[in-house]
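Hello,

Here is the structure I promised to pass on to you.

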Amino acid sequence: MTPRLALYTFGVFAARAEDPVNDGFYARNDPIFEVVDRAPGLLARSGYPDEPGPASWGEQVFPRFYVERGDGWSPATLSLWCDIEHAMAFSYSGLHAEALRHGREWFVKPQWPPYAAWWTAEPEPPSWREAAERHEHLHDHGPSPRAFSFRDAFDAQGNPAAVDSARIRAIAAEAAAAEARLRLTG
C-alpha cells in the first residue's frame with residue numbers, strides 16, 4: 001500500500017467547552033470540516049463517536065496533556081493525506097489558517113506539540129489511541145520517523161525531508177480558487 005501521511009491535532013480549551021468565549025471556535029468548526037472534506041490531498045478523516053459524519057477510527061482517547069473540565073472531550077482531529085505539502089497547504093491557508101490565528105482566544109498555550117504527523121502504509125487508518133501515543137512520543141522524544149512536525153519532517157522511508165514551499169503555495173492557491181468557485185455557485 002502507498003504510504004499516507006497521518007496527521008493528529010490536539011488542543012485544550014482555556015475555558016469549559018460551553019463557555020461563550022469559545023463561540024468563535026464553534027462558528028468556524030463546521031465550515032472548516034466542509035472545506036477539509038473537499039481539500040486537495042485529503043484521503044480520509046476520522047469522525048467522532050455519536051456524531052454525524054465520517055465513522056470514528058476507534059474510541060476517541062486523548063494524550064496525557066488532556067485536562068478534564070467536566071466536558072468529557074477536547075478538540076482533536078485525525079486525518080490521512082497523500083503527502084506533507086497537501087496537509088500543510090490546508091493547515092496554513094484559507095479558513096483553517098484564519099482559525100489558527102484566533103487559537104489563543106480559545107486554547108491554553110500548549111506545553112506539548114499542537115500536532116503530530118507520521119507515515120503509515122497500513123490498510124486500516126490509525127486509531128485515536130495510536131494518534132495519542134504518537135503525539136506523546138513526539139513530545140517525549142522529539143521528531144523522528146515515528147512522529148514528527150512539518151518543520152522537522154521525515155519522508156515515508158524514514159529519512160529527514162524538506163518540504164517544498166513552492167508546491168505548498170501552488171496547492172493552497174488551487175484550493176482557494178476552487179473554494180471561491182464553490183462560493184459563487186453554491
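Helix α1 bends by about 30° at Asn29, and a proline, Pro31, follows within four residues. Please keep in mind that this is a predicted model. The helix covers residues 23-37, 15 residues in total. From its first C-alpha to its last, α1 reaches 22 Å, close to the 21 Å expected at 1.5 Å a residue. Which residues of α1 are buried? They are Phe25, Arg28, Ile32, Phe33, Val35 and Val36. As a reminder, an α-helix has 3.6 residues a turn, so residues three or four places apart point the same way.

Next, the sheet. It is an open one of four strands, in the order β2-β3-β1-β4, with antiparallel pairing. Its edge strands are β2 and β4 (115-120), each of which pairs on one side only. On average, neighbouring strands here are turned by 25° against each other, direction ignored.

Going through the pairs, you will find the following:

- β2 (residues 42-45) and β3 are joined by three bridges in the antiparallel sense, and Ala44 stands opposite Leu80 in β3.
- β1 (residues 4-10) and β3 run antiparallel and are joined by six bridges; Leu7 has Ser79 of β3 as its bridge partner.
- β1 and β4 also pair in the antiparallel sense, over six bridges, and here Leu7 stands opposite Ala117 in β4.

Two helices pack on this sheet. Helix α2 (residues 84-91) touches β1, β3 and β4, and its direction makes about 30° with that of β1. Helix α5 (residues 128-141) touches β1, β3 and β4 as well, with its direction at about 115° to that of β4.

Why is β3 described as largely enclosed by the rest of the structure? Five of the six residues of this strand (residues 76-81) are buried, so the description follows from that count. Buried here means under 20% relative accessible area.

Is Ser165 buried or partly exposed? At 40% relative accessibility, Ser165 counts as partly exposed.

Best wishes

Notes:
Residues numbered from 1 in each chain as written. Predicted model: local features only at pLDDT ≥ 70, side-chain atom pairs only at ≥ 80, totals over all residues. Heavy atoms only, no water. Expected span 1.5 Å × (residues − 1). Bend = angle between axes of the 7 residues up to and from the residue. Buried < 20%, exposed > 50% of the residue type's maximum accessible area, 1.4 Å probe, protein only. Pairing = 2+ DSSP bridges. Axes fitted to C-alpha atoms, helices over the stretch in contact; angles between N-to-C directions. Contact = heavy atoms within 4.5 Å.
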